[in-house]
Amino acid sequence: MPVAISLNGLTISPPLALAPMVGLSHSALRTLTLEEGGVGLLFTEMLAARKLPEENSSSPFLMRSECEFPLFYQLFLTDKEVIGPAVDRLQRLNAQGIDLNLGCPAPQLRRLGAGVFLTNDPDRVRQLIASLRKSTSLPVSAKIRLGESPEKEKLVDFCRMLEGEGVDLLTVHARMNSEKFCRKPRWDWIAPIKSALGIPVIANGGIFSVADALNCLQLSGADGLMLGRAAACHPWLFADIAREVYGYAEPGSGRDRQKVYFRFTELLQERFAPERRLGRLKQFTHYYAENFQFGHHLAIGVQKSNTLNEALERAAEFFQQLNS
Ligand SMILES: Cc1cc2nc3c(=O)[nH]c(=O)nc-3n(C[C@H](O)[C@H](O)[C@H](O)COP(=O)(O)O)c2cc1C
């Protein structure tokens, strides 16, 4: 029987999640990863809880197709007052879960004191989680980093507090708060968290291959894995990990990489208004270009385009040269 995570009525199967990523974890990439297979849980990019009640459902941040299930909406916030209205909105949007961003160090969050900066005030986090817990019966999850300094006990105590206040699922990005993405992830730091908690723990950070997935699971003992940048570089990696690590019957990644790229461009056009497409294509291409020899030509060509059509023409030229 392949492994899965059960959360009061919701089954996450395979236990593989697409990470919340600004500009990337939108309806088009979520759908592409579902089509490639092997992804068991989707996240939105982080959303400002304060602005959510006024956000139009067809906005690029809330745009969602029926196949995108289960979907957790990630929130960043600093005040309890915004929780009730934001949760009401998410319940009306048919959220399967609500995630609190406690791990993102982006400058816009520093200014607000949100994301990873909230964790400097654990009492405030406690109150926010308690309030989120009271406001919904949906699964509540949190995404954290490892902390400011290498103090494992403090980290484990913080995670115990999150569980005590009602978090149902915890994702740990295995880097300290200020560490850059190029730094080697500390997957072994997740092991004491996993041992101390009764809730499922998902490991995240630096998983780019089946070998990384196996290594991360061995060092962390995590219940599942979350892929971020690899989802844009290799949207088929979920299926490879599901099959080779968890024993799911996902087909091998036989799909042509050029076709996957153009399928993504189709999804962008299906899901987003014309002015919302090119920026998202540029961001995706930055990662996806890694699949090809001389892929930087594809990335640069798309990057310097002023319209989607221009970008598509440049991409077509790139693939023509690649195949000739
Ligand atoms: C472009 C980009 C945007 C991101 N946006 C978010 C976000 O909105 N919320 C969040 O919790 N983390 C965000 N992250 C962090 C990822 O969720 C993930 O923790 C990180 O990329 C490490 O995982 P990876 O090595 O698999 O990419 C972002 C990362 C990237 C690269």
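A nonpolar core, as meant here, is a set of buried Ala, Val, Leu, Ile, Met, Phe, Trp, Tyr and Cys residues joined through C-beta atoms within 7 Å. With that in hand, let's walk through this predicted model.

Q: Which residues have the most contacts inside the largest nonpolar core?
A: In soluble globular proteins, nonpolar side chains tend to be buried together. Here the largest nonpolar core holds 100 residues. At least three of its residues come from each of domain 1 (5-244) and domain 2 (257-323). Those with the most contacts inside the core are I98, L225 and L227.

Q: Which residues is L225 in contact with, leaving aside its neighbours within four places in sequence?
A: L225 is among the residues with the most contacts inside the largest core. Once neighbours within four places in sequence are set aside, the partners of L225 are L16, I202, A203, I207, A213, C216 and I241.

Q: Which helix gives the most residues to the side of domain 1 that touches domain 2?
A: The protein is divided into domain 1 (5-244) and domain 2 (257-323), and their centres are 28 Å apart, taken over C-alpha atoms. The contact takes 14 residues from domain 1 and 15 residues from domain 2. On the domain 1 side, the elements that give two or more residues are helix 1 (27-36) and helix 8 (229-233). With five residues, the one that gives the most is helix 1.

Q: How many nonpolar residues does the side of domain 1 that touches domain 2 have?
A: Sorted by class, this side has one charged and four polar residues. The nonpolar residues number nine.

Q: Which elements give two or more residues to the shell around the ligand?
A: The ligand is surrounded by 23 residues, and the closest are A19, M21, M46, G228 and R229. By class, the shell divides into three charged, nine polar and eleven nonpolar residues. The elements that give two or more residues to this shell are strand 4 (42-48) and helix 8.

Q: What is the radius of gyration of the protein?
A: The chain folds into 13 helices and ten strands, and its C-alpha atoms fill a box of roughly 60 × 45 × 35 Å along the principal axes. For 324 residues the globule rule gives 20 Å, and the model comes close to that, so the protein is as compact as a globular protein of that length. Its radius of gyration is 19 Å.

Q: What percentage of the residues in the protein are buried?
A: A residue counts as buried if 20 or more other C-beta atoms lie within 10 Å of its own. Of the 324 residues, the buried ones make up 46%.

How values were computed. Residues numbered from 1 in each chain as written. Predicted model: local features only at pLDDT ≥ 70, side-chain atom pairs only at ≥ 80, totals over all residues. Domains from an automatic or database assignment. Contact = placed C-beta atoms within 7 Å. Helix = DSSP H or I, 4+ residues; strand = E, 2+ residues; numbered from the N terminus. Nonpolar A, V, L, I, M, F, W, Y, C, P; charged D, E, K, R; others polar. Rg over C-alpha atoms; globule rule 2.2 N^0.38 Å. Buried ≥ 20, exposed ≤ 12 C-beta atoms within 10 Å, placed from the backbone. Near = placed C-beta within 6 Å.
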